[in-house]
Amino acid sequence: MKTLWPTARNLTSILSSAVDEQSGDSPLTGKVPFFGKLAFVDLTRETVVLRDIPADHFRTYLGGPGLVLGELLRLIPVGADPLGPENVLAFSPGLLAGAQVPGFPRFTVLALSPLTGALGKSEAAGYFAPELKKAGIAAILVQGRAESPVYLWVTGQGIEIRPATHIWGADPKVAQGIIRAEVGEPRARTASIGIGGENLVSFAGIGNDLSHFNGRNGLGAVMGSKNLKAIAARGAGDLDVADADRMRELYRTASDLAKTNPLTRTLHELGTPAGMELSNAAGCLPTNNWQSAVFADVDKIGARRLTDEFLVKPGGCYMCPIRCKRLVKVDDPLFAVDTEFGGPEYETLAALGSNCGVNSLEVIIKANELCNIYTIDTISVGMTISFAMACYEAGLLTAEDTAGLELRFGNNDAILPLIEDIARRRGPLGRLLADGSAVAARRIGNGAEQFLLTVKDQEIPMHDPRVKTGLGLQFALSPMGGDHWFAQHDPFFATETSAGTVAFASIGLDEAVSPLDLGPDKVRMVARSSFLHGLYDDLGVCIFAAVARSMTPLDVIVGMVNAATGWQASLPELLRAGERTNTLYRLFNHRHGVRADRDTLPSRFFKPFADGPLAGKQALDPLEFAQAVRLYYAMAGWDPETGVPTHDTLHGLGLEGFVDLL
Amino acid sequence: MNLTVVAHAGLLGPSAGAKAQFSERRDLEFASAEVTVVQVLQKVGIDRGSVGVMLVKGEPAGDEDTLADGAQLDLYPFFGGG
């Protein structure tokens, strides 16, 4: 590997010269260079280094996860404690974040995950990533541990480490208000943790602008372990793109498409919650810890009621016309919520609703608000509670274990107090569940594992692999454990006129594949679209703004990259960068001992549906599934048995500098 | 024969001048005595590729299933991911 940046070996000496290097930068005024700097923050030594990144490095790795994975591979030692100072936490905006086009607001947070022991990686949208970019920052790497709580203040002048003892324990809204007052910048954007992250809850996330979340993989706990309460940022000006006229043209193209694309329009009208009614009608709505696939009270907790009775207005992200977020209010004072903390998405409605047998939308909306204030992941919270409910109903947990709480499916009253207990690690049940369902199952024993629905110890999202087999492959193969955006979803390719079949002809996915197929055609769809999703994350693409889920086609995305950077990159070149990122994920997990035996699915999916229109049908075949996983390895250029990237593949992708990590 | 189509969750836009609803209902009349699901989709102008779930009396229906006089066809868009 070319030594472009500090490595573990020479980091100390570079960090020791931090102050001089930072103060040597001239202030950013007016237009901000499109390509930002890489910031190394060491909280133990209280130092900051800003370093230039060579132009060819951006062209090879783009931004987002791709830009920083090489550093994380070198800097995080094997055997590192995810909650120890040796873990490195990266905040990395997508390459196009901050450019004035819709649909690129995202940044990725990465570290070794305390939930999975594998790569921790989670995206969030909002306004934070554009602000970082406009402060001249391409990415921030945080290592060490502050002696007492701190926050980072990021501007065009550099990065300042400031004391945060007085806001430790404060909810994110209070913390944001105090930080904005202290820095004298009411428009500063903040990403922060709540008490979930402070208390090292294994599935704590990070929230920005109160309603956008890097929810998964417990990265908020890593932030808490470093005594880092928040990062606040304020840009110095607009990004200086190579061809501003072309960018404006492409902005208009994407915005016009947003008005006509039917999927985009549905996102605007109903947001993601429409998935409740759709999944229930299809007979695949996770219900009662997935023991059931239809929920009799779905109409009480679905999109129709949310829209008619609770929606205040749609919310959105930087430069985006879609506004898919649901901002809600509740009239019942018992469940009153602060609208600024956002409303429940489909995942939350299902995880904390039908999956727990909860039929009160008021309870789910309040639960969503509590999770957002405490910054804990609603999917893992809902799934951990439903796991505990299954254990309770099976007699594996008793009233003594729950301190008298009737932990049965459908007990609406159990949810809110339990979220409080988990976020505070309070009481026997809160302490048991705050490390996630997989750890809880090991502690409970007596066969509690049978109720687990985790992959690599992360609770799976609300999509049933028995109706979308490629989704099952995503769950198994995602480097971060159960995840539903590692690749595209099967229904996009169901027919020759489906959105994906049309949109992805240019990357060879122009043939219809049944959602239930598990043969080579399906594996090819998952493999190629997983490379595409590597690219999407590197660019900061929001899944809800780009094909196939939404409006912006691939050629427009390529046009935006070139207009912003001045490159003449082709789609194959960019897709190759996505493939490179995907292989770096795999290398990271290999280095940290995560092996192919963890590329599996929960046993539930190898049994047929228990009820509903699909009762008795659609069990996945374990041998066929294992064969498909091995075929994915082969298509990715990894050893078909071990899943480890081969020397040839590393050389082919220009990653020969990482061969020593095999 | 007469049929009713109920398209849910934005699959069919509102009738002219009407406010968008979660479920849009269309009453249809056909000259033939036998109509397949796909023919109904063509008549209301919904692309098959955008439909995820098709139900008759709560049971999944296939493209070539025939519908009886007076039947109601419920249509949901496919759910790509939340």
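The model is predicted.

Start with the layout of chain A. Domain 1 spans 11–240. Domain 2 covers 262–455. Domain 3 is made of two segments, 469–550 and 570–661.

Now look at where domains 2 and 3 of chain A meet. Their C-alpha centres are 27 Å apart. Domain 2 of chain A brings 18 residues to the contact, and domain 3 of chain A brings 20 residues. On the domain 2 side, α10 (262–270) and β17 (454–455) of chain A each provide at least two residues. Helix α10(A) gives the most to this side, with three residues.

The largest nonpolar core holds 249 residues. Within it, A:A90 and A:Y632 have the most contacts. Helix α16 of chain A, residues 378–393, contributes the largest share of this core, at 10 residues. Turn to A:Y632 itself. Leaving aside residues up to four places away in sequence, A:Y632 touches A:L473, A:L477, A:V523, A:V526 and A:A527.

Finally, move to chain B. Here five strands form an open sheet in the order β2-β1-β7-β4-β5. The pairing is mixed. Strands β2 (23–29) and β5 (59–60) of chain B sit at the edges, each pairing on one side only. One residue pair to find is B:H8 with its bridge partner B:S23 in β2(B).

Key
Residues numbered from 1 in each chain as written. Chains lettered and ligands numbered in written order. Predicted model: local features only at pLDDT ≥ 70, side-chain atom pairs only at ≥ 80, totals over all residues. Core = buried A, V, L, I, M, F, W, Y, C linked by C-beta atoms within 7 Å. Buried ≥ 20, exposed ≤ 12 C-beta atoms within 10 Å, placed from the backbone. Helix = DSSP H or I, 4+ residues; strand = E, 2+ residues; numbered from the N terminus. Contact = placed C-beta atoms within 7 Å. Pairing = 2+ DSSP bridges. Domains from an automatic or database assignment.
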